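Dear colleague,

I am passing on the structure below, followed by some notes on what was found in it. Please read the notes with the coordinates open beside you.

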Amino acid sequence: MWISVTLQAEADKAEALSDALMEAGALSVGIEDADAGTEAEKPQFGEPGHHPTRLWDHSRVVALFDAEADLAVALAQAATAAGFAAVPPFTVDEVAEQNWVQLTQSQFEPIHISDRMWIVPSWHDAPDPDAINIELDPGMAFGTGSHPTTRLCLQWLCNAVRAGDRVLDYGCGSGILGIAAARLGAAEVLGVDIDDKALLAAQDNAERNGVTLRLQHSRVELEERFDIVVANILTNPLCVLAPLLAARVAPGGRLALSGVLETQAEQVISAYAPFIALRVGGTHEGWVRLEGSLGERDGA
């Protein structure tokens with residue numbers, strides 16, 4: 001058994017209190033939004049280069065201690081070190097031993113993408129054995145299929161990919177979009193990411209799903225063109241990458257972008273306007289998928 005201590009703290013002091021609790025013997029510490037689930041909760045959407053001074057107004061610092069720890073001493077020591085005049089208001093809960101692996105796995109169920117496709121964790125049976133079932137577990141790289149932007153891209157790929165297509169998945173993360181494209185019949189898929197760990201995760205996931213992805217770091221120059229280009233990143237990098245991504249779309253090829261909030265759609269559409277006309281092709285939970293093409297494809 002362990003002891004969980006939840007302390008209330010102003011946001012600008014929460015990090016200092018977190019560090020002090022670790023110094024005082026806490027096994028782990030987390031900082032949460034004290035207003036989460038209330039009307040005062042503020043959504044947080046990070047972008048590269050955007051460094052907010054603080055995430056929210058009121059914080060809740062949750063520290064886990066061994067059951068034998070002297071809480072009174074530890075909390076007093078941490079409060080003093082963090083600059084508090086006294087120990088902030090807190091509550092204490094007992095945390096019983098559990099099968100943590102099983103508990104974590106229970107939070108991830110198969111995800112229905114379309115009539116043709118499911119994303120299935122490795123510990124689950126496929127709900128529809130006749131569908132395209134992509135085996136993917138939560139891991140070190142973004143993209144499990146549960147986020148609205150990933151789902152929007154997967155649904156688009158289900159309709160867009162044709163047998164023999166060459167596909168570029170820029171910002172491939174776990175490789176989920178590239179794997180889907182390969183399973184849908186793409187002849188060749190290139191996954192690009194800025195993170196070496198993501199490339200390793202994509203390679204492992206591709207092998208698990210019996211497909212081949214060509215993977216490379218974003219520092220490697222791209223000169224090829226593709227029938228399908230998909231990028232599920234964020235608004236600011238998508239705008240910066242507009243000339244690069246648009247130039248990788250072959251004549252008659254198609255482009256889909258996500259990681260874009262509905263309120264940011266016009267910003268991205270404007271950034272790509274000199275290269276390719278985009279429109280909102282789908283929305284889900286406040287996120288959009290933007291899509292466009294460079295002319296008609298053969299047979300379209």
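Which residues have the most contacts inside the largest nonpolar core? They are Met-117, Ile-119, Leu-154 and Leu-157, in a core of 30 residues. A nonpolar core here is a set of buried Ala, Val, Leu, Ile, Met, Phe, Trp, Tyr and Cys residues joined through side-chain atoms within 4.5 Å, where buried means under 20% relative accessible area, exposed over 50% and partly exposed in between, with a 1.4 Å probe and protein chains only.

Before going further, please note that this is a predicted model, in which local features need pLDDT of at least 70 and side-chain atom pairs count only at pLDDT 80 or more, while totals for chains, interfaces and linings use all residues. Residues are numbered from 1 along each chain as its sequence is written, and side-chain values use heavy atoms, with hydrogens and water left out.

Beyond its neighbours within four places in sequence, Ile-119 is in contact (heavy atoms within 4.5 Å) with Glu-109, Pro-110, Ile-111, Ile-113, Ile-134, Leu-136, Thr-144, Leu-154 and Ile-176. There is also a second, separate core of 26 residues, which includes Cys-239, Ala-242, Ala-246 and Leu-278.

Helix H5 is largely enclosed by the rest of the structure, because seven of its eight residues are buried, namely Ile-176, Leu-177, Gly-178, Ile-179, Ala-180, Ala-181 and Ala-182. Just after H5, Gly-185 adopts a positive phi of about 115°.

Strand E9 (residues 188–193) is mostly covered, with five of its six residues buried. Strand E8 (residues 166–170) runs parallel to E9 and is joined to it by five bridges, whereas strands count as paired if DSSP finds at least two bridges between them; in this pairing, Val-167 stands opposite Val-189.

Finally, Gln-264 lies in the loop between strand E12 (249–261) and helix H9 (265–272), and is buried, with a relative accessible area of 17%. Its C-alpha atom is separated by 9.1 Å from that of Trp-287, which is 23 residues away along the chain. Phe-90, by contrast, belongs to strand E4 (residues 90–95) and counts as partly exposed at 40% relative accessibility.

With best regards

Methods
Helix = DSSP H or I, 4+ residues; strand = E, 2+ residues; numbered from the N terminus.
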